[in-house]
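Walk through this structure from the overall build to single side chains. Keep the sequence and the 3D view side by side.

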Amino acid sequence: MLDFELTEEQKLLQETAYKFALKEFTPLAKECDREEKYPRELWKKGCETDLVGSYIPEKYGGPGFGFLEGALITEQLCRVDLGLGLVITSATFGSENILLYGTEEQKEKYLPRLVNGEAISAGAYTEPNAGTDVAGTRTTAVRDGNEYVINGSKMFITNGTVCNFMVVLCVTNPQAEKKHLRHSLIIVEADRPGITR
């Protein structure tokens with residue numbers, strides 16, 4: 001018989017997340033809604049409490065939980081306030097691709113910054129013409145020496161206006177026979193010239 005009970009550590013994590021939300025969200029929720037304010041101080045507290053980037057391994061400064069624990073955190077935070085819950089849980093959006101597919105150098109450079117309160121990431125995937133149909137992506141990236149020149153538009157980018165860097169889906173190999181081989185993900189610092197948000 002399978003045991004689907006949560007471990008004591010997972011139950012403690014749920015309790016921690018819920019208590020954090022009750023204490024930290026309640027004073028801010030109405031103001032953030034009214035003013036459409038992104039509360040960076042709340043995000044930093046989430047980092048200090050190991051609620052941001054829960055899946056990031058200890059090797060990179062994260063708490064080293066799994067994706068199930070991330071779901072438990074999300075559930076408990078969003079019980080109190082969905083918008084503020086996402087300030088915490090989506091602060092690492094896009095970085096999953098760095099963890100799963102990035103080089104060791106990229107992981108060491110970007111992942112610790114996400115959990116220690118230095119950076120917020122975004123995943124720039126959705127486009128006006130294609131929605132989330134990645135096969136319809138039109139944003140291009142053309143190599144120019146040691147860099148890429150990216151041209152295109154993205155929309156509905158979670159953290160797009162507050163991030164420090166983003167993982168951008170681009171067409172880099174338009175002639176590839178298989179559509180999924182036409183694309184690359186490129187890490188772009190948000191303050192690079194030519195970016196408007």
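Buried means under 20% relative accessible area, exposed over 50%, and partly exposed in between, with a 1.4 Å probe and protein chains only. This is a predicted model: local features need pLDDT of at least 70, side-chain atom pairs count only at pLDDT 80 or more, and totals for chains, interfaces and linings use all residues. Residues are numbered from 1 along each chain as its sequence is written, and side-chain values use heavy atoms, with hydrogens and water left out.

Start with the fold. The protein has seven helices and five strands. Both kinds are DSSP runs, numbered from the N terminus: helices are H or I with at least four residues, strands are E with at least two. From the N terminus on, the order is α-α-α-α-α-α-α-β-β-β-β-β. The radius of gyration is 18 Å, close to the 16 Å of the globule rule for 197 residues, so the protein is as compact as a globular protein of that length. That radius is taken over C-alpha atoms, and the rule is 2.2 Å times the number of residues to the power 0.38. Along the principal axes, the C-alpha atoms fill a box of roughly 50 × 50 × 30 Å.

Of the 197 residues, 41% count as buried. The protein exposes about 11,700 Å², and carbon and sulfur atoms supply 51% of that area. Accessible areas come from the Shrake-Rupley method with a 1.4 Å probe; for residues, only the protein chains shown count as cover. Now take contacts, meaning heavy atoms within 4.5 Å. Among those with a separation of 6 or more, residues 24 or more positions apart account for 65%.

Helix α1 spans residues 8–25 and holds Gln 14. Is Gln 14 buried or exposed? Gln 14 counts as buried because its relative accessibility is 17%. Beyond its neighbours within four places in sequence, Gln 14 contacts Leu 6, Leu 72, Glu 75 and Gln 76.

Next, the rings. Rings of Phe, Tyr and Trp (its six-membered ring) pair if their centres lie within 6.5 Å; planes under 30 degrees apart count as stacked, over 60 as edge-to-face and the rest as tilted. The count comes to four aromatic pairs. One of them joins Phe 20 and Phe 25, edge-to-face, at 6.1 Å centre to centre and 85° between the planes. Phe 20 and Phe 25 are both buried. Phe 93 and Tyr 125 are also edge-to-face, because their centres are 5.8 Å apart and their planes at 80°. This pair links distant parts of the chain, 32 residues apart: Phe 93 is in the loop between α5 (82–89) and α6 (95–101), Tyr 125 in the loop between β1 (121–124) and β2. Phe 93 has 29% relative accessibility, so it counts as partly exposed. Tyr 125, at 22%, therefore counts as partly exposed.

The loop between β1 and β2 also holds Thr 132. Thr 132 counts as exposed because its relative accessibility is 68%. Thr 132 and Val 80 are 52 residues apart in sequence and 29 Å apart in space, C-alpha to C-alpha.

Finish with the strands. β2 (residues 140–144) and β3 (residues 147–151) pair in the antiparallel sense over five bridges. Strands pair if DSSP finds at least two bridges between them. Val 142 has Val 149 in β3 as its bridge partner. β2 and β3 form a hairpin with two residues between them, and Gly 145 in the turn has a positive phi of about 70°.
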